[in-house]
Amino acid sequence: MKGKAHVYKRAHINTDEIIPARYLNVDKEAELAKHAMEDIDKDFVNKVQVGDFIVGGADFGCGSSREHAVWALRGAGVRVVIAEKFARIFYRNCLNNGFIAVECKEISEKVDDADELEIEISTGEIKNNTKNEVYKFEPLSDFAEELLNSGGLMNYVLKKKRI
Amino acid sequence: MGSTITEKILAKHSGKTKVNPGEIVNCKIDTIMCHDVTTTPAIDLMEKYGIKKVHNPDQIVVIPDHFVPNKDIKSAEMVAKIRRWAKEQKIENFYDLGRHGVCHAILPEQGYVTPGKTIIAGDSHTCTHGALGAFSTGIGSTDLASALTTGELWFKVPETILIQVDGKLQKGVYSKDVILEIIRRIGVDGALYKAMEFKGEVIDELSVESRMTICNMAIEAGGKSGIINPDQKTIDYVNSHSTEKYEIIKSDDDANYSEIIKIDVSNLEPVVAMPHLPSNVKPISEIDEIRVDQAYLGSCTNGRIEDLRVSAKILKGKKIASGTRMIVVPASTEIWKQANREGLFDIFMEFGATISTPTCGACLGGHMGILAAGEKCISSTNRNFVGRMGSPKSEVYLGSPAVVSASAIEGKIVDPRKYL
């Protein structure tokens, strides 16, 4: 999977910034996508293209539990979020959607805006094609990988339960 | 090696004798709370997967609160959808307008929170209910759909940080100041993925409501949950609010903690979290003059009856500063009625504040008190992120109900102790 990086180095980027509460009176991905990252980068929705990566700092996605943050990013075209560390509920929400979220130390220092990144989950590697560098990321737990491979929590649970 | 209260509750609910931090468990959920913002996507998901019936309607409590009373057509449609769904699913625990309020105020007040339970909701402040010795945590909408379908949910058993709060609180210093001070020390990600277990003589002395304020803000330190071992106060509170049977579960003396933080709060003065992080905390004596346009008293953090009483005591006979407005938002209908009976509303209205119906409202920038660009608000709520209460160019300062009230008198952030 390959895409262009949008780097937000600051720690503690919260879900209010990713999708402000004033837009939570709708829950449709396409609508939410129009306001993705609005309170941190008004221009994001104009720059982002399908397949792009978000690169964040520590505690990315903290605050409100709104899964709308994941949908807004996905709806805008983002396919992968790489952060130094994720806040707990945001990370759960990513996995539960089968949305790729990986933790990689110092990633926000190494990658620049618009670098082309490529991720290989099975080898645990992120390639920076622009800089010709390779970064190792924390391997996903077996459970997280199973959730991703199932395409999210509902598929996983229904397969297990045979409901 | 013994277990923490959190490990014991998770073990019991996943059919194991013992669980260890890091382990993934599939856990039976006792109570699932649904509010207006995160529930409609869960309903859609269940429909998408062809799930016709929830696992158990009696374990579900529906409390629309964020944009209640409906702030616009879109939010009205969301609640209408939840109302239809709850009826179809025969969910009787529905707190519609007239019985409404902020979900985390209603849940314990109406007896849904008892020690040893597992409680989830699609809301990050679900950690509040650990104050009564339950494992209670916030989740997303897919989690919600999964739990509504199966009555179970996956968890990674968290490590536990023990936070021992000793000393004696000075007059005018409250549990809000204590939790803000803890967040200042450990940071907004200081307890990331972890359970925060609070104990010590200060916690023992606090009322159950004040303990809720502490656990409510565990998420502001990144915590998965906040929890306090039940004591006689917990039992008295639960027995007067709930008819459910429960089992008292407590941490073992030799439980394993990832970290033990000891804090003595005897010298703590009132504090304020400056924009734009709850950890950006300063003692009130170190704050330069900050004029406030709005003072907001409410929310799942500090909108309960004891908070309103503290405020009314300070505001009695006073007048609001010119150029400042104050909104009082009792957190639930029952709290509203109680405050009314006690004559607190007369005090607030004579002071020059206005009384709102219960709602999450402006706390999350929903409605009923939104800030314009350049405006500053002193607030008893839990988050001061950019744009949290309105314009991304507004500023939110977090403090106790006493700080909010004293600041409304002077139109700037001030030490409340001179009014006590």
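1. Arg92(A) pairs with Asp143(B) in a salt bridge, with the closest N and O atoms 2.8 Å apart. A salt bridge here is a side-chain nitrogen of Lys or Arg within 4 Å of a carboxyl oxygen of Asp or Glu. Between chain A and chain B the count is three salt bridges.

2. The model is predicted: local features need pLDDT of at least 70, side-chain atom pairs count only at pLDDT 80 or more, and totals for chains, interfaces and linings use all residues. Residues are numbered from 1 along each chain as its sequence is written, chains are lettered from A and ligands numbered from 1 in the order written, and side-chain values use heavy atoms, without hydrogens or water.

3. How many residues of each chain are in contact? The contact (heavy atoms within 4.5 Å) involves 42 residues of chain A and 48 residues of chain B.

4. About 3,700 Å² is buried between chain A and chain B, and carbon and sulfur atoms give 61% of that. Buried area is the accessible area (1.4 Å probe) lost on putting two parts together, summed over both. Arg88(A), Arg92(A) and Met154(A) supply 20% of the area that chain A buries against chain B, more than any other three residues.

5. On the side of chain A that touches chain B, 17 residues are nonpolar, 11 polar and 14 charged. Nonpolar covers Ala, Val, Leu, Ile, Met, Phe, Trp, Tyr, Cys and Pro; charged covers Asp, Glu, Lys and Arg; the others, Gly among them, are polar.
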